[in-house]
Amino acid sequence: MDIKAGRLVDPCSTRLTKTGAWRTFVPVFDHDKCIKCSLCEIYCPEGCIHQVDGLFVPDLDYCKGCSVCAHECPRMAISMVLEEK
Amino acid sequence: MSPINTANMKVVEGSYAVAHAVMCCKPDVISAYPITPQTHIVEHLSQMVANGELDSEFLTVDSEFSALSVLVGASAMGARSYSSTTSQGLALMYEVLYNVSGMRMPVVMNVANRAMGAPLNIWNDQQDAVGARDVGWLQIYVEDVQEAVDATLQAYKIAEDPQIRMPIMVCMDGFVLTHVYEPVELLDKELASQYLPAFQPEKILDPNHPMTFGAFADPSTYTEFRYQQFDAQLKSMAKIEKAAKEFEEIFGRHYGGLVDSYFADDAEVVIVTMGSVIGTIKDAIDAMRKEGKKVGLVKVRSYRPFPVQALRQALKGASVIAVIEKDVSIGAEAGLVTDLKSTFYNSKIRTPVIGFAAGLGGRDITIKDIRKIVDKAEAARKGIESEFEFLDLRTEIL
Amino acid sequence: MENSLLAPGHRACAGCAMPTTIRLVLDAAGPNTIVVSPTGCLEVTTTPFPESSWCVPWIHSLFENASAVASGVEVMLKRRKQNTNVVIIGGDGSTFDIGMGCNSGMFERGHKILYVCYDNEAYMNTGVQRSGSTPFCAQTTTTPPGSKSKGNPRPKKDMPAIALAHKVPYVATASVAYPVDLRRKVKAALQVDGPSYIQVNAPCITGWTFDAGTMIEMSRLAVETGLWPLAEWVNGELAGVKKIRRPKPVTDYLEIQGRYKHLFKKNDCGDQLAKIQAIADANKAKYKLVD
């Protein structure tokens, strides 16, 4: 780790920390019910829901399992499942 | 030490001379809050900006705390930054002082040294800056207005050096040097630009190259950040000497680097001090030398970094040392005398050192006071009766 | 919002409204933005050395000087004739209380700076202590309920009114539950050639105590009860409000939060509930929130 003159940090570098390790519940997306309103992507505090090949998918490296997406989905297409590790 | 070309000298107010020096440094942003006795400096600067003589952004901020905080943002944008304050104002920005040095921002600030309240007192002493000696800012104490001018220009050279990048206080005794009218050779703008090139910051806030400034550091890295500041101040000692020498090559004046001395080489009694009282002490020394007394002076010009080796060298021949200073460290002694004694402890120097707090709250230090110190110092050669005292205490009003 | 300017991996609580707020603000402001933040949850969770979530230039100095630091940044941008947004994103602790002096100075000097306050209604980063933004009767660690106390005894400080008193040309209240409205307001604020202030309702799971997944619903309820009116003022005049489509009694909002549960425990707290309802009713009347 290089201490650069005491103050500067590279941008976007929290990607190094995989906060997915925090969660207890993992969101499961039912893509058939999804109407692509993108509210899950908008509300996610981690910003880890993205469209991949047209489907909304959570990045499980960072998803903390907060379940805001599941609560806000207007079609209830997201369910929170206890994650077995 | 006298300026060479008296033909170019003008009688000006100390504050004006300093403002003129700041103008020659071409700061990008000036952010200062008025407080007696610094007010004339900022008033002159704002007039220079209003007249179009000085192309700087001048902010009329809401407090000293804001004043220095503005410079945090400006310096992060690569601005050459300037502020000025004193006493209560310096205390109000105490938190930001640590922040600026921790973020390695080369801000230059003239401190018009003034007493700290309570009780409220607007007159000169050095409690304000000496009390802030641990915040990481370099501190240079000047003896007259000419030196205030010269040191301000040198300060930017030292602070903005890529190996240093530390903020610096140029300390001048309030009222004594800010409001006095004396002959000064104002800086020549062309020569100043020759001496001081434009500020080249390493990285700035730039959307094309986004960086994060001011992250928090946990126990695993905090020490290393503090060590780097510590190391930078040690490295700055050579830069302070160099800046003074290079200044002399262009402008022909040299007021000392880390320290300076006056008849100290063969002196038996050596007075050690900082700031404008030096003028009085030199006059006293001149008179006492005529009387055959071997008295001398060592001026501490750089208080932070504390010039350990330079002081050991300058004082090695003394038979007794008397430190006089305009501050007091309540519960202990005072800043300069404590630092000086610790300088000698592990060296071979075993010269007795006595300390005096004097001139607090603007009380005049007279030639008579200096003679009194010399007498006490001579007595101390036979054994120290009092290690530290208030020189000019009015016991009749206690 | 594909390429968010706030990277994941930050240490905010799961379900925190603050990073959602930041992402919405940065989405509206774009990458040509410099962000200044005070100390607080945002600063601590997004910039643990040697990492940072910020994909735009970002600077933090102290708890109470974001406005002054941003003033220095803005002045240099003006000097270089550089057209870059300066956005302060800070919590209510800094905005309402300790930073008031600097905020007042910045507003008064008229810098072109957008100040976004994510308002979670207490000093959350230091452990949920009361701030000037804490609403009437809310429990915090320094306004705990007890036999001699019913929670915070003082009303919420009206920060938008303070901004308006400084003649800030654009002032708005917003909510993380109304993202389109928030983005629109940020864009409108950035058009102003002067200061602007947007206060965003940002529920805090840890401080308010509620189920994390209901974070957005919580903010929606704050709006629908009338306790958090969504309004905007342009050049000092009220220019628009968001009408409440489904008005709700304040109890719907208060009873699902731990910080108000003491109001529902004893019979004699009915007084407090009535007072809070009165606050909501006063807002509804003042802003004509319900048709």
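1. Is helix α1(C) mostly covered or mostly exposed? In this predicted model, α1(C) is mostly covered, with 13 of its 13 residues buried. After α1(C) comes C:Gly30, whose phi is positive, near 85°.

2. The contact between chain B and chain C draws on 34 residues from chain B and 34 residues from chain C. On the side of chain B that touches chain C, two or more residues each come from β2 (29-32), β3 (57-60), α3 (64-76), α5 (94-102) and β9 (212-213) of chain B, and the largest share, 9 residues, belongs to α3(B). By class, this side of chain B comprises 20 nonpolar, 9 polar and 5 charged residues.

3. Chain B itself is assigned two domains, domain 1 (6-251) and domain 2 (259-397), whose centres, taken over C-alpha atoms, are separated by 27 Å. Their contact takes 27 residues from domain 1 of chain B and 21 residues from domain 2 of chain B. On the domain 1 side, α6 (127-130), β6 (138-141), β7 (168-173) and α9 (222-251) of chain B each supply at least two residues, with α9(B) giving the largest share, 5 residues. That side of domain 1 of chain B divides into 14 nonpolar, 8 polar and 5 charged residues.

Key:
Residues numbered from 1 in each chain as written. Chains lettered and ligands numbered in written order. Predicted model: local features only at pLDDT ≥ 70, side-chain atom pairs only at ≥ 80, totals over all residues. Contact = placed C-beta atoms within 7 Å. Helix = DSSP H or I, 4+ residues; strand = E, 2+ residues; numbered from the N terminus. Nonpolar A, V, L, I, M, F, W, Y, C, P; charged D, E, K, R; others polar. Buried ≥ 20, exposed ≤ 12 C-beta atoms within 10 Å, placed from the backbone. Domains from an automatic or database assignment.
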